[in-house]
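Me: I would like to go through a structure with you. May I ask about one helix and then change topic?
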Amino acid sequence: MPKILIIDDERAIRSTLKEILEFENYVVDEAEDGEKGLQLLSKSKYDVALCDIKMPGMDGLEVLEKAMEISPDTPFIMISAHGTIDTAVEATKKGAYDFLQKPPDLNRLLVTVRNALDKATLVTETKILKKKISKTYEMVGTSGALGRVKQAIEKVAPTDARVLITGPNGSGKELVARSIHEHSNRSHGPLIEVNCAAIPSELIESELFGHEKGSFTSAVKQRIGKFEQANGGTLFLDEVGDMSLSAQAKVLRALQEHKITRVGGDKDIQVDVRVIAATNKNLLEEIESKNFREDLYHRLGVILIHVPPLNERREDIPDLVAKFLNDIANDYGNKPKTIAADAMQYLQGLDWRGNVRELRNVVERLVIMSGNEITLEDAKAYARPVVA
Ligand SMILES: Nc1ncnc2c1ncn2[C@@H]1O[C@H](COP(=O)(O)OP(=O)(O)OP(=O)(O)O)[C@@H](O)[C@H]1O
Ligand SMILES: [Mg+2]
C-alpha cells in the first residue's frame, strides 16, 4: 500500500486528511511540524507527502527544499490556506508536485494524490530502465586500444562534429555511436538509426528524407523521413558504405545545407541533426573504385574513430566475458556462472573473426551447455560451432 506523510501543525486538518486517505487504503503517518516531518522522511520512504505551507518554526517551503535533498523522489503536495496561494505557486516552481487549497476538497485531494503516485511510479520505472539501458550499452575493456576509443568519444561527444566510425563486423561500432550520443548535448533528443545496407536502394531516399503522398505508386500517405525524425538529436547512418550513389548525393546536400526535401515535395525543410556514420568497408578503396563519393567521405569523417578487431586487444576478453556472464544471468534471472582460469585463457587464444559479437554468442552458448563453472573441457567442446 502506498505510504503518505502529512505535515501540518493543525491537528484537525491532519485527522481529516488521515481519515479520508486511510479510507482509501493508504498508509498514513503524521507530523505536527517540519522537523518531525523531515525526520520521518529520512527514516522511511514515502510515496507522497502533503505539506502545509504556513507553520510555526520551519515553514512549508523550507521543508520542501530540505526534503528534496533527503528524498528527491517523494512528490510533495503543498497545502495552502487563504493568502498563501502565491507561495504555493512558488513551491511548484521549486519542485513541489502540486498544491491544494484549505479546506481541501475531497475529490480534488484524491485525484491529486493519485496523480502524484502515478508520477512517482513513472519516475522510478524510468530510472530503472535508464540504468538497465546504460548498463547494456556500457563499453568494457581496459586495453590501450579501447582506451583510445573511449578517449576519442569523450572528446568529440560534446561537440557537434560529424564522426565516422570504422572497424570490422561486431567490433562495437554501434556501441560507440550510442555512447557519443549519450555523452552529447543532444542526449535528450532522439537517436535515430538507419541501416543503409538493409534498405533497397530505390527506397532509401524515402526512408531518409520522407515522401509526400502520391509521389510514387506505393506512396499512399505522407511519410516523415529519418532526417526529420532525428531533428534535435543524432542520426546514425550505419553501413554507410552500402548507400547508393544517388542517395549519397542527397545526403551530401543535407549535410552541407542542413536542409532536406521530401521525395515528391518542393519545400525545403530545415533540420538540426548531428550525423554519425559507421562502416566495415574500407571507404578509401570504395572511393578508388567509384562506389563512394570522396566529398561525402570528407563531410562525414570530420572525426575518424577506428574500433580495432578483438584479436588486436585480447586483454579485453576477460572483462567482456565477465560482463556477458552477468548480462546473460540477469536476462535468465539466474546467478552468474563462473569460468575456470584455464578456460578463460583458452578463449583468449582463439581467433575472433566475428569480434565481440561472436564472443558474446560463445559465452551464451557456454552458459547454456555448462555446469555452474565453465571448464576448459566445456570451452573446447562448445566455443566453436560443432560441425557434424
Ligand atoms: N567494448 C564492449 N563492451 C561491451 N559490449 C560490447 C563491446 N563491444 C561490442 N559489444 C557488444 O558486441 C555486440 C556487437 O557490437 P556492435 O553491434 O556495436 O558492433 P558493430 O561494429 O556495430 O557490428 P556490425 O559491423 O556487425 O554492425 C553488441 O551486443 C555489443 O553490445
Ligand atoms: Mg553495427
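Me: What covers the buried residues of helix 6?
Reply: The cover includes strand 6 (163-166), helix 7 (173-182), strand 13 (274-279) and strand 14 (303-306). This is a predicted model, in which local features need pLDDT of at least 70. Residues are numbered from 1 along each chain.

Me: Which residues of helix 6 are buried?
Reply: Ala145, Leu146, Val149, Ile153 and Val156 are buried in helix 6; buried means under 20% relative accessible area, and exposed over 50%, with partly exposed in between (1.4 Å probe, protein chains only).

Me: Why do they line one face?
Reply: Seen down the axis of helix 6, the buried residues fall within an arc of 95 degrees, so they line one face of the helix. The arc is taken from the directions from the helix axis to the C-beta atoms.

Me: Which exposed residues does the face turned away from the buried side carry?
Reply: That face of helix 6 carries Arg148, Gln151, Glu154 and Lys155.

Me: New topic: where is Glu286?
Reply: Glu286 lies in helix 11 (residues 283-288). Glu286 is buried yet has no salt bridge, which would be a side-chain nitrogen of Lys or Arg within 4 Å of a carboxyl oxygen of Asp or Glu.

Me: Which side chain of opposite charge is nearest to Glu286?
Reply: That is Lys281, 4.4 Å away. Not counting residues up to four places away in sequence, Glu286 touches Lys281, Asn291 and Phe292, where contact means heavy atoms within 4.5 Å.

Me: How many disulfides does the structure hold?
Reply: The structure holds zero disulfides, a disulfide being a pair of cysteine sulfur atoms within 2.5 Å.

Terms used:
Chains lettered and ligands numbered in written order. Predicted model: local features only at pLDDT ≥ 70, side-chain atom pairs only at ≥ 80, totals over all residues. Heavy atoms only, no water. Helix = DSSP H or I, 4+ residues; strand = E, 2+ residues; numbered from the N terminus. Lys, Arg positive; Asp, Glu negative; His and termini not counted.
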